[in-house]
Amino acid sequence: MRLISRHLLRSHIAPFILGSLTVVFLFFFQFLILNLDKLIGKGLDNLTILQLISYQMPAFIVLAIPMGVLFSTIMAFGSMSANHEITIIKSSGGSLLSMMFPVLIVSTGITLFNFWLNNEVLPDSNHASKLLLSDIQQKKPTFALENGQFSTQLDGFTILPRDIDSSRGLMRALTIYDNRDAIRKSIITADSGYIRFDRKSEKMVMDLFYGEIIQYSENKVTNQQKIDFDTYRMFIETSGFNLNRSTGSDDTRGDRELKIADMQKRVDKSISNEWNLRRNVNKRISEHINYITKYHKPEEEETNKPEVLKPMFGTRQSKDVAESNVVYDTLEQDMANSVPFAEDLTTTGYGRGNIQTELLNLYNAVFIDIQMVRSRQDEQKAYLVEIHKKYAIPFACIVFALVGCPLGIRTRGGNFGLSAAFSLGFFILYWACLIAGEKFADRGLLAPWLGMWMGNIIVGTMGIIMTFKVNNDNLRIIKVIKSWLIPVKKPQAIES
């Protein structure tokens, strides 16, 4: 059996590498389509482009490895089934489970590697990729001039070259409008010239030959000054044309840029903040209820007592309060009515308007706390979804190995096209379950663990069923289930 196991594992190597590289290429092609407009015309050097691609590669590999496992198992077992090797092994006393055992062991090792890549390498690469893409977006397009076209790429300058020799970088019949000074303007004309960046790409250097400079005032056009030159060099401050690399902090990292331990810390902190907010809501409600019940007296008690308590919130005296049995301390009736907020001036009873104001304040305070509680819960869901995703995607290697082995035998898919079609179908099914589960979990319709593990559960169940059917060729599942559920009655002994 060891010889068969080595033969099986060797037959998996080439399809695994081919399937994984194919998926990596597809993801890389998708990345180029989505970000091509952000990269074109920015004048990026080859090293920067290679860095951006290297930062994206871990994300492609994490998703490509399970697909490679599925494709390789379908190819290997399908080829053995087409060559009747499976039939020979079974007739020799072997079984599908014994053939699948070394494949599942290797798939477990691939799962551990994929988990390490997903948890240790991918967060840092995602963070570096986000920073580099942000820096590229802030970079201005490469400075370029065209024949007979005005260019305003340099702040404060308008440049018109009438003839450009691209092979030598020489421009002829140049006209440059210097508008940096709002009052003092300059027009520079030159027979020829060169424009280039300095070594640090911080300044633009213009070498002009045989021309003149006309300076005039915006307020008084007749006040002009003319300067002729044979050679003239200008230095122009530029910003945004070079790529400035930024460094981000851990506080700016999103959920896909954190490891499991870091996300768990944020979840624990968010849960602690949520419980503090809940206690704050209960405290507010308790304080407001005690406040209302302490200072509000029933009508029977108010009629028996000449003195009533002063309201805590000053409000304009309403008509109901003015007509009620109100006793003023030292102020007269008209003086009290003239004060907009008579909190410290009157000792009125706690009226209905004050209770409504107090309840409105309670509602506003509690509403804000409840919104913050919901925000904390959404934050917890996002982090928990990402935590379970880091476990679920690597575990798909074992699930796809469990599916690919019986599927290859059933379909006899030893050729590339059929194996690729079945692999793509199951991968789309798994990917759809993963996307839908993530959306449902983020909206609170499913638990985070169920949303992320739903694809593994569905595809894994299908793999177990197919493995059971292929391992027991002529045994029907319905009969087996009935035999499990309905016990077989033992025949009774016949009396002599």
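Trainee: What makes D163 and R172 a salt bridge in this predicted model?
Mentor: Their closest N and O atoms are 3.5 Å apart. The cut-off is within 4 Å, so the pair counts as a salt bridge.

Trainee: Why is D163 called partly exposed?
Mentor: Its relative accessibility is 33%. Buried means under 20% and exposed means over 50%. D163 falls in between, so it is partly exposed. R172, at 32%, also counts as partly exposed.

Trainee: What makes E257 and K130 a salt bridge?
Mentor: Their closest N and O atoms are 3.1 Å apart. That meets the 4 Å rule, so they qualify.

Trainee: Which parts does this pair tie together?
Mentor: E257 lies in the loop between β5 and α5, and K130 in helix α4. The parts are 127 residues apart in sequence.

Trainee: Is E257 buried or exposed, and how do you know?
Mentor: Its relative accessibility is 8%. That is under 20%, so E257 is buried. K130, at 34%, is partly exposed.

Trainee: Why do E386 and R256 count as a salt bridge?
Mentor: The N to O distance is 3.9 Å. The limit is 4 Å, so the pair passes. E386 sits in helix α9 and R256 in the loop between β5 and α5, 130 residues apart.

Trainee: Why is I409 called buried?
Mentor: Its relative accessibility is 11%. The cut-off is under 20%, so I409 is buried. I409 is found in helix α9. Leaving aside neighbours within four places in sequence, its contacts include F77, I86 and V470.

Conventions
Residues numbered from 1 in each chain as written. Predicted model: local features only at pLDDT ≥ 70, side-chain atom pairs only at ≥ 80, totals over all residues. Heavy atoms only, no water. Helix = DSSP H or I, 4+ residues; strand = E, 2+ residues; numbered from the N terminus. Buried < 20%, exposed > 50% of the residue type's maximum accessible area, 1.4 Å probe, protein only. Contact = heavy atoms within 4.5 Å. Salt bridge = Lys/Arg side-chain N within 4 Å of Asp/Glu carboxyl O.
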